[in-house]
Amino acid sequence: MECNQAIICGEAIRIGVLRYTPAGVPVINFVVRHTSRQMEANITRQINCELPTVAIGATAKTISEMRNGNNIKVTGFLNRKSHTNQQLVLHVDSITQI
């Protein structure tokens, strides 16, 4: 199965420090705080969540120049944090300020 894409809008919070892999590729971790109202079973629900996120390459440099609180739209895919940690992390393919 190849379908794994997520799109979320929210506020960039807890932007980490830009670091580099041993191969020299930039990497940065940050969190997206999302708040909205969604319909589920004909009932409006208030949605509040924080999503751990990682960006690699040019996207990481873009995020490193942002400030906490910037409103963004992020597109990417979900993967576990590591081989031993099953927590989901959004890996960013693209980011735009909104």
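The legends below describe close-up views of one predicted model.

Residues are numbered from 1 along each chain as its sequence is written, and side-chain values use heavy atoms, without hydrogens or water. Because the model is predicted, local features need pLDDT of at least 70 and side-chain atom pairs count only at pLDDT 80 or more, while totals for chains, interfaces and linings use all residues.

**Figure 1. The chain and its elements.**
The secondary structure comes to one helix and six strands. Here helices (H or I, at least four residues) and strands (E, at least two) are DSSP runs, numbered from the N terminus. From that end, the order of the elements is β-β-β-β-α-β-β. The C-alpha trace spans about 50 × 35 × 20 Å along its principal axes. Of the 98 residues, 34% count as buried; buried means under 20% relative accessible area, exposed means over 50%, and partly exposed lies in between (1.4 Å probe, protein chains only). Among the contacts with a separation of 6 or more, 53% join residues 24 or more positions apart, where a contact means heavy atoms within 4.5 Å.

**Figure 2. The largest nonpolar core.**
A nonpolar core is a set of buried Ala, Val, Leu, Ile, Met, Phe, Trp, Tyr and Cys residues joined through side-chain atoms within 4.5 Å. The largest one holds 17 residues, and Ile15, Phe30, Ala55, Ile63, Ile72, Val74 and Ile95 touch the most other members. Two or more residues of this core come from each of β1 (6–13), β3, β4, α1 (58–64), β5 and β6. Which residues does Ile72 touch, not counting those up to four places away in sequence? Ile72 touches Ile8, Cys9, Gly10, Ala12, Phe30, Val32, Met66, Ile95, Thr96, Gln97 and Ile98.

Rolling a probe the size of a water molecule over the atoms shows where empty space is left. On a 1 Å grid over the protein atoms alone, a cavity is a set of points where a 1.4 Å probe fits but cannot get out, and a pocket is an open set with protein on both sides within 12 Å along at least five of seven lines. Lining residues have an atom within 4 Å of a point. Grid points are joined across faces, edges and corners, and a volume is the space filled by probe spheres set on the points. The largest pocket holds about 290 Å³ of space. Its lining has 16 residues, with Asn29, Val54, Lys81, Val89 and His91 nearest the centre. Two or more lining residues come from each of β3 (26–40), β4 (43–56), β5 (71–80) and β6 (88–97). β4 gives the largest share, four residues. By type, the lining divides into six nonpolar, seven polar and three charged residues. Ala, Val, Leu, Ile, Met, Phe, Trp, Tyr, Cys and Pro count as nonpolar, Asp, Glu, Lys and Arg as charged, and the others, Gly among them, as polar.

Thr75 lies in β5 and counts as buried because its relative accessibility is 15%. Leaving aside residues up to four places away in sequence, Thr75 touches Gln5, Ala6, Ile7, His91, Val92, Asp93 and Ser94. Lys73 is also found in β5, but Lys73 is partly exposed, with a relative accessible area of 36%. Lys73 and Glu11 are 62 residues apart in sequence, and 8.7 Å separate their C-alpha atoms.

The side chain of His34 makes a polar contact with the side chain of Ser36 (2.8 Å). A polar contact is a pair of N or O atoms within 3.5 Å; within protein, one must be able to donate a hydrogen and the other to accept it, and residues adjacent in sequence count only if both atoms are side-chain atoms.

Ala41 has a positive phi of about 55 degrees although it is not a glycine. Phi of Asn42 is also positive, near 65 degrees. Ala41 counts as exposed at 67% relative accessibility, and Asn42 counts as exposed at 74%.
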